[in-house]
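Subject: Structure handover

Hi,

Here is the structure for your files. My notes on the helix packing follow below it.

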Amino acid sequence: MAGIPVPVFVVGALIGFVWMDAFYFSNDVAFKRKYFRASLIAMDCLLIGLAIVLNPGLAVFLPFAVLFAALSTAWTIWVTTFCDSCGRTIVHHQLLDPLLFCASCGARLTRPR
Ligand SMILES: [Zn+2]
């Protein structure tokens with residue numbers, strides 16, 4: 001935390017709040033389906049780029065960072081779905097027993113995963 005300039009931390013926190021509002025608290029399914037994946041990839045690029053700008057020595061670990069970001073983003077996309085009825089973002093935490101119905105409105109999920 002000591003190496004992160006305060007404005008960078010504040011802007012990062014604002015981006016995080018806006019992202020959470022757009023993709024977890026909003027009910028706009030069309031927006032979520034259109035931009036969720038792209039936003040995750042953009043955040044990966046932003047975070048990796050920021051880490052290298054703030055500490056150029058970390059560029060040595062760039063292949064590992066890209067691999068980890070790609071795997072974690074693919075995982076997040078795989079376990080996240082959106083309810084067509086109410087727009088809620090649903091994250092499947094149980095791998096072997098995915099949710100078939102929305103926990104908020106009870107509608108059947110068209111794409112459980
Ligand atoms: Zn629902």
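H2 and H3 run roughly antiparallel to each other (an angle over 145 degrees). This is a predicted model: local features need pLDDT of at least 70, side-chain atom pairs count only at pLDDT 80 or more, and totals for chains, interfaces and linings use all residues. Residues are numbered from 1 along each chain as its sequence is written.

Helices are DSSP runs of H or I, at least four residues, numbered from the N terminus.

H2 and H3

H2 covers residues 29-54 and H3 residues 62-79. Their axes come within 10 Å and cross at roughly 155°. Axes are lines fitted to C-alpha atoms over the stretch in contact, with angles from 0 to 180 degrees between N-to-C directions. On the H2 side, the contact (C-beta atoms, placed from the backbone, within 7 Å) uses Arg37, Leu40, Ile41, Asp44, Ile48 and Ile52. They meet Leu62, Ala65, Val66, Ala69, Thr73, Thr76 and Ile77 in H3.

H1 and H2

The axes of H1 and H2 come within 11 Å and cross at roughly 165°. This pair is therefore also roughly antiparallel. Val8, Trp19 and Phe23 of H1 touch Lys32, Phe36, Ser39 and Leu50 of H2.

H1 spans residues 6-25. The number of buried residues in H1 is zero (buried: 20 or more other C-beta atoms within 10 Å of its own, placed from the backbone). H1 therefore lies largely in the open.

Best regards

Technical notes
Helix = DSSP H or I, 4+ residues; strand = E, 2+ residues; numbered from the N terminus. Parallel < 35°, antiparallel > 145°, perpendicular 65-115°, else oblique. Contact = placed C-beta atoms within 7 Å. Expected span 1.5 Å × (residues − 1). Buried ≥ 20, exposed ≤ 12 C-beta atoms within 10 Å, placed from the backbone.
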